[in-house]
Amino acid sequence: MNKGELIEKVASTADLTKVQAEAAVNALVSTLVDALKAGDKVTLKGLGTFEVRERSARSGRNPSTGETIEIPASKAPAFKASSTLKAAVKG
């Protein structure tokens with residue numbers, strides 16, 4: 001499912017116009033991104049938790065040359081599914 005399909009599904013499920021559903025989806029995404037940029041953790045009951053995880057610096061290998069390289073520390077977004085979501089997907 002892509003963003004357009006999600007908007008259509010939200011519109012039909014919540015009895016909204018596509019414009020209203022698009023505004024709601026865009027607001028959710030931008031709020032989530034802003035919270036993660038600020039270092040906050042976002043927990044949606046029944047869905048899961050979005051957070052930013054720190055990755056430490058490490059050694060790696062360039063696959064084309066085999067040369068050892070240093071990979072700098074970084075931050076990465078992460079999602080942990082709730083047990084409710086895991087059970088729903090499992091069936």
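Helices (H or I, at least four residues) and strands (E, at least two) are taken here as DSSP runs, numbered from the N terminus. The structure is a predicted model, so local features need pLDDT of at least 70 and side-chain atom pairs count only at pLDDT 80 or more, while totals for chains, interfaces and linings use all residues. Residues are numbered from 1 along each chain as its sequence is written, and side-chain values use heavy atoms, with hydrogens and water left out.

S82 counts as buried because its relative accessibility is 16%; buried means under 20% relative accessible area, exposed over 50%, and partly exposed in between (1.4 Å probe, protein chains only). A polar atom of the S82 side chain lies 3.2 Å from the backbone nitrogen of L85. Contact means heavy atoms within 4.5 Å, and, leaving aside neighbours within four places in sequence, S82 is in contact with G46, L47 and G48. As for α3 itself, that helix is hardly covered: among its eight residues, the count of buried ones is zero. G91 follows α3 and has a positive phi, near 95°.

Helix α1 (residues 3–13) can be described at both ends. At its start, a side-chain oxygen of N2 reaches to within 3.1 Å of the backbone nitrogen of G4. After α1 comes D15, with a positive phi near 55°.

Next comes the nonpolar core, a set of buried Ala, Val, Leu, Ile, Met, Phe, Trp, Tyr and Cys residues joined through side-chain atoms within 4.5 Å. The largest one has five residues: L32, A35, L36, V42 and F50. Helix α2 (residues 18–37) gives the most to this core, namely three residues. Not counting residues up to four places away in sequence, V42 touches L32, A35, G48, T49 and F50.

T49 belongs to strand β2 (residues 48–55). With 18% relative accessibility, T49 counts as buried. Its side chain is joined to that of T43 by a polar contact of 3.4 Å. Such a contact is a pair of N or O atoms within 3.5 Å; within protein, one must be able to donate a hydrogen and the other to accept it, and residues adjacent in sequence count only if both atoms are side-chain atoms. Residues up to four places away in sequence aside, T49 touches K41, V42, T43, A78, F79 and K80.

On a 1 Å grid over the protein atoms alone, a pocket is an open set of points where a 1.4 Å probe fits, with protein on both sides within 12 Å along at least five of seven lines; lining residues have an atom within 4 Å of a point. The largest pocket is lined by L6, V10, V25, L28, V29, L32, L44, L47 and F50. α1 and α2 are the elements that give two or more residues to this lining, and the largest share, four residues, comes from α2.

The second largest pocket has a lining made up of L36, K37, G39, D40, K41, E51, V52, K75, A76 and P77. Here α2, β2 and β5 each supply at least two residues, with the largest share, three residues, coming from β5.
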